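Hi,

Here is the structure I said I would pass on.

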Amino acid sequence: MSDFEFRSNRRDLFKLAGAGAAAAATLPLVPMSAFAADPKFTLGEPKPGFILDPDVLYMNIGTTGSTPNHVLKSFNQDNREVARNPLETFGGVTPFREAIAPGFGAELEEFVISYNTTDGMNKILAGVELREGDEIVTTNHEHPGGNGPMNILAQRYGVKITRVALPVGNDQKAGDYVDLFRKAMTKKTKAFVFSAPTYLTGVMLPYKRLAKLAQKNGIMTIVDGAHATGMFDLDFHKTGIDFWGCSGHKWQCGPPHRRRATSRPQPVITKPRCRCSTSGRPTPTTRC
Ligand SMILES: Cc1ncc(COP(=O)(O)O)c(C=O)c1O
């Protein structure tokens, strides 16, 4: 089979596979090549106009989405404005936070813009004051974006990391995951850190129940929600979670890693349970 045949067969397969989903979602069935071939191609509002390479069958797996044309345009304009007037670099992001925070059920002062989920998780875990002997309960399915800062806490500050082994398969119940965390926690546990959903199997951990268990025991909950943005109606105050790091460049096709968060909002949502110590380092209160 030639490379061309292989590619077109994969496209046909994609079209077929998409047919069921498209019918279910009552969306028009659109071959990916249509997006690639014509940057002016439209599918409702807002107009996607992707500039995808026509020779690439791109299936977004949530690592990084392709940024649509109109976003690239405004991103470019933003960069040009800074090039013209470098003082623009100091432009505030408050109006963007004000606009975005309510969509996550968060208040302005709870909502921080980071470069991506990894940056958000690093900021969160560097900001909470964990000391030698404190314990984090996490899972064996965490992404390096969360494992990195947890490893720093372990290696530099002597924080103990306990990992629950997540069961894999279709016969798990929400309560099974909660039991695993319950068994793993001790009197020294200060934080639950887990992804929802996890990147290895896509399982959505029962974050509300885990947060409830944490709250009952004076433990904070930190969630790597890299894949959660826009996937469901997140009402942050109802989750019981203390910190939630997310990204907008994956499924939502926001612009890639760049200097200005104005163009690429990656939300970190926090419950106002931190107060600033005299050193300026956020210190968790006993409980909120
Ligand atoms: C669960 C999870 N967390 C974090 C990340 C890193 O995301 P970002 O590129 O926003 O830092 C990924 C990347 O795919 C991921 O799957």
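Predicted model: local features only at pLDDT ≥ 70, side-chain atom pairs only at ≥ 80, totals over all residues.

The ligand first. It has 13 residues around it, and the closest are N116, T118, G145, Y199 and S247. Sorted by class, that shell is made up of 10 polar residues, two nonpolar ones and one charged one.

Next, the helix pair. Helix 5 covers residues 117-127 and helix 6 covers residues 144-157; the two pack with their axes 8 Å apart, at an angle of about 25°. Angles under 35 degrees count as roughly parallel, so helix 5 and helix 6 are roughly parallel to each other. The crossing of helix 5 past helix 6 is right-handed. On the helix 5 side, the contact comes from T117, T118, M121, N122, L125 and A126, while helix 6 brings G145, G146, G148, P149, M150 and L153. By class, the contact of helix 5 with helix 6 splits into six nonpolar and six polar residues, with no charged ones. If you have the model open, look for T118 and G145: both are listed among the closest residues to the ligand, and both also take part in this helix contact.

Last, the leucine. L72 sits in helix 3, which runs over residues 69-84. Is L72 buried, exposed or partly exposed? It has 17 other C-beta atoms within 10 Å, so it counts as partly exposed. The C-alpha atom of L72 is 9.6 Å from that of F50, and the two residues are 22 apart along the chain.

Cheers

Definitions and conventions: Residues numbered from 1 in each chain as written. Helix = DSSP H or I, 4+ residues; strand = E, 2+ residues; numbered from the N terminus. Buried ≥ 20, exposed ≤ 12 C-beta atoms within 10 Å, placed from the backbone. Near = placed C-beta within 6 Å. Nonpolar A, V, L, I, M, F, W, Y, C, P; charged D, E, K, R; others polar. Axes fitted to C-alpha atoms, helices over the stretch in contact; angles between N-to-C directions. Parallel < 35°, antiparallel > 145°, perpendicular 65-115°, else oblique. Left-handed = near helix turned anticlockwise from the far one by under 90°. Contact = placed C-beta atoms within 7 Å.
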